[in-house]
Amino acid sequence: MKNQAYRMAMLYDFYGDLLTDRQKEFYDLYYNEDLSLSEIAENYGISRQGVRDVIVRAEAAMDEIEEKTHLIRRFHQSQKELLAIDQAADRLLEAVRAGSCTASTLEEIALSIKKHTAKLEQE
């Protein structure tokens with residue numbers, strides 16, 4: 001359930017602005033405000049099934065956009081590469097502070113950074 005909630009939050013963060021106003025409202029009430037389908041239906045004077053249909057269409061629209069653009073997948077890949085670059089910078093700082101900054105250590109760290117920046121450029 002937690003993975004599904006995270007997935008839905010990511011979809012909404014990336015693509016929520018592309019939904020209709022009604023889809024945004026119902027989606028927000030259901031996923032962010034934790035209202036039930038019945039509660040939303042009662043508040044808007046429509047059937048529970050009507051609310052569910054709007055939310056399902058919103059999810060399908062955002063899924064389709066992600067399938068075409070892969071923005072979320074690329075975001076996660078970029079985060080992974082940035083973390084690796086940050087870790088390489090930490091290794092460099094440790095080597096400098098410890099006075100063990102040999103040419104081979106510097107070269108290994110520089111090559112690591114270049115590898116991860118190249119992956120970022122590919123995205």
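Is Y31 buried, partly exposed or exposed? Y31 is partly exposed, at 28% relative accessibility. The classes are buried (under 20% relative accessible area), exposed (over 50%) and partly exposed (in between), with a 1.4 Å probe and protein chains only.

1. Basis. This is a predicted model, where local features need pLDDT of at least 70, side-chain atom pairs count only at pLDDT 80 or more, and totals for chains, interfaces and linings use all residues. Residues are numbered from 1 along each chain as its sequence is written, and side-chain values use heavy atoms, with hydrogens and water left out.

2. Aromatic pairs. Rings of Phe, Tyr and Trp (its six-membered ring) pair if their centres lie within 6.5 Å; planes under 30 degrees apart are stacked, over 60 edge-to-face, and the rest tilted. The count is 6 aromatic pairs. F14 and Y15 have ring centres 6.1 Å apart and planes at 50 degrees, so this pair is tilted. F14 is partly exposed at 32% relative accessibility, whereas Y15 is buried at 2%.

3. Y27 and Y31. Their ring centres lie 4.6 Å apart with planes at 40 degrees, so the pair is tilted. Both belong to helix α2 (residues 21-32), 4 residues apart, which means about one helical turn between them. Helices are DSSP runs (H or I, at least four residues), numbered from the N terminus. Y27 is buried at 1% relative accessibility.

4. R97. This residue sits in helix α5 (residues 71-98). R97 is exposed, with 70% relative accessibility. Its C-alpha atom is 15 Å from that of Q87, 10 residues away along the chain.

Notes. Helix = DSSP H or I, 4+ residues; strand = E, 2+ residues; numbered from the N terminus.
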